Amino acid sequence: MRSAARFFAVQALFQMEAAGQAADKVIAEFSNHRFGERFEDYEMAEADQGLFRRLVSEAVNLQAQIDQMTDRALVEKWPINRSDPTLRALFRAAGAELSEATTPPRVVIVEFVEVARAFFPEGREPKFVNAVIDHMARE
């Protein structure tokens, strides 16, 4: 359920940026309609709602700080605002969890690399995510 919360947090942060929606609206939508939703051919996972809410809220509240931390992990000519929007959302969610300092950094890295694999199953992004979040965790 915690892994699903991380995955959904990335989706929610992406949706907030893409649609210009507020955190409280997106959190309510996910909590009321997405978690455990059933479709004809598959079912959405249940998620740890407390972790989901904390990640989304902290990513929004600490966005400037998290983005600066991410920028320091990226090459100078490729700041976070030039990154893929899914990766931006992922780095913000990971940065939010790292800032809580309740989950061991190695767990945060592994979990968000798995989220990256879900979004980019054929790409090199998971390795990139590993390197960036590892750098963020060392700060």
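Of the 139 residues of the protein, 42% are classed as buried. The model described here is predicted. Seven helices and zero strands are present, and the order of elements along the sequence is α-α-α-α-α-α-α. Among contacts between residues at least 6 apart in sequence, 67% join residues at least 24 apart.

The buried residues of helix 3 are Leu51, Phe52, Leu55, Val56 and Ala59. Viewed down the helix axis, these buried residues fall within an arc of 125°, so they line one face of helix 3. At the start of helix 3, a side-chain oxygen of aspartate 48 comes to within 3.1 Å of the backbone nitrogen of glycine 50.

The packing of helix 4 against helix 5 was considered next. The axes of helix 4 and helix 5 are 9 Å apart and form an angle of about 105°. Angles of 65 to 115 degrees count as roughly perpendicular, and helix 4 and helix 5 are therefore assigned to that class. On the side of helix 4, the residues that meet helix 5 are Gln63, Ile66, Asp67, Met69 and Thr70. Their counterparts in helix 5 are Phe91, Arg92, Gly95 and Ala96.

A further position in helix 5 is alanine 93. Its relative accessible area is 0%; because a residue counts as buried under 20%, alanine 93 is buried. Leaving aside neighbours within four places in sequence, alanine 93 is in contact with Ala9, Val10, Leu13, Leu55, Ala59 and Phe112. Two of these partners, Leu55 and Ala59, are also among the buried residues of helix 3. Alanine 93 and arginine 6 are 87 residues apart along the chain, and their C-alpha atoms are separated by 7.3 Å.

Methods. Residues numbered from 1 in each chain as written. Predicted model: local features only at pLDDT ≥ 70, side-chain atom pairs only at ≥ 80, totals over all residues. Heavy atoms only, no water. Buried < 20%, exposed > 50% of the residue type's maximum accessible area, 1.4 Å probe, protein only. Helix = DSSP H or I, 4+ residues; strand = E, 2+ residues; numbered from the N terminus. Arc of directions from axis to C-beta. Polar contact = N/O pair within 3.5 Å; in protein donor to acceptor, adjacent residues only side chain to side chain. Axes fitted to C-alpha atoms, helices over the stretch in contact; angles between N-to-C directions. Parallel < 35°, antiparallel > 145°, perpendicular 65-115°, else oblique. Contact = heavy atoms within 4.5 Å.
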